[in-house]
Amino acid sequence: MAHKGGVEALNRSLKDIRGNKRLMGGITVLLAGDFRQTLPVVPKGTRTDEVKSCLKRSTLWPKINILKLSKNMRVHLGEEKFAGGFADLLL
């Protein structure tokens with residue numbers, strides 16, 4: 001997971017470059033991953049420091065539109081007969 005400072009710096013940079021005060025300078029930015037899975041690494045930091053540095057603690061988080069995948073497309077491309085049951089288990 002990315003440190004919130006990196007995403008906030010990207011936001012400020014895109015606003016400056018594009019001359020636009022909207023979020024990310026008006027550009028659609030795709031952030032992918034499971035935000036519950038890993039915390040950012042903070043060298044010599046405590047668990048509290050790691051939690052404070054995650055993206056969900058950023059001032060940008062309430063402005064982010066979260067989309068969730070609901071269909072495992074990889075299963076539909078394959079020919080395995082047990083893949084559908086496994087896909088349902090994952091979702």
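A residue is called buried when its relative accessible area is under 20% and exposed when that area is over 50%. Keep that in mind for the views below, which come from a predicted model.

View 1. Let's start by zooming out. The chain has four helices and zero strands, so starting from the N terminus the elements simply read α-α-α-α. Of its 91 residues, 18% count as buried. The chain exposes about 7,800 Å², and carbon and sulfur atoms supply 56% of that area. How many of the contacts between residues at least 6 apart in sequence join residues at least 24 apart? The figure for this chain is 40%.

View 2. Helix α1 takes in residues 4-18. Now look at who is hidden: V7, E8, N11 and L14 are the buried residues here. Viewed down the axis of α1, the buried residues fall within an arc of 125°, so they line one face of the helix. Just past the helix comes G19, with a positive phi of about 65°.

**View 3. N11, a buried residue of α1.** Zoom in on N11, which sits in helix α1. Buried or exposed? N11 has a relative accessible area of 6%, so it counts as buried. Setting aside residues up to four places away in sequence, N11 touches R22, L23, M24, G25 and L60.

**View 4. The largest nonpolar core.** Which residues make up the largest nonpolar core? There are six: V7, L14, M24, L55, L60 and W61. Two of them, V7 and L14, already turned up among the buried residues of α1. As a general point, nonpolar side chains tend to be buried together in soluble globular proteins.

**View 5. M24 and K44, two residues with a positive phi.** Most residues other than glycine have a negative phi. M24 is not a glycine, yet its phi is positive, at about 55°. K44 also has a positive phi, near 55°, and K44 is a residue other than glycine too. M24 lies in the loop between α1 and α2, and K44 is found in the loop between α1 and α2 as well. Their surroundings are another matter. M24 has a relative accessible area of 8%, so it is buried, while K44, at 89% relative accessibility, counts as exposed.

View 6. S58 is found in the loop between α2 (47-52) and α3 (73-77). With a relative accessible area of 5%, S58 is buried. What does the side chain of S58 make a polar contact with? Its partner is the side chain of E8, at 2.6 Å, and E8 is one of the buried residues of α1. A polar atom of the S58 side chain also lies 3.1 Å from the backbone nitrogen of L60. Leaving aside neighbours within four places in sequence, S58 is in contact with K4 and E8.

**View 7. C54 and N65, in the loop between α2 and α3.** C54 has its place in the loop between α2 and α3, and N65 lies in the loop between α2 and α3 too. C54 is buried, with a relative accessible area of 8%. N65, by contrast, is exposed, with a relative accessible area of 65%. Each can be paired with a residue from elsewhere in the sequence. C54 and A2 are 52 residues apart along the chain, and their C-alpha atoms are separated by 7.1 Å. N65 and L30 are 35 residues apart in sequence, and 10.0 Å separates them in space, C-alpha to C-alpha.

Definitions and conventions. Residues numbered from 1 in each chain as written. Predicted model: local features only at pLDDT ≥ 70, side-chain atom pairs only at ≥ 80, totals over all residues. Heavy atoms only, no water. Helix = DSSP H or I, 4+ residues; strand = E, 2+ residues; numbered from the N terminus. Buried < 20%, exposed > 50% of the residue type's maximum accessible area, 1.4 Å probe, protein only. Polar contact = N/O pair within 3.5 Å; in protein donor to acceptor, adjacent residues only side chain to side chain. Contact = heavy atoms within 4.5 Å. Expected span 1.5 Å × (residues − 1). Arc of directions from axis to C-beta. Core = buried A, V, L, I, M, F, W, Y, C linked by side-chain atoms within 4.5 Å. Areas by Shrake-Rupley, 256 points an atom, 1.4 Å probe, with all protein chains shown as cover.
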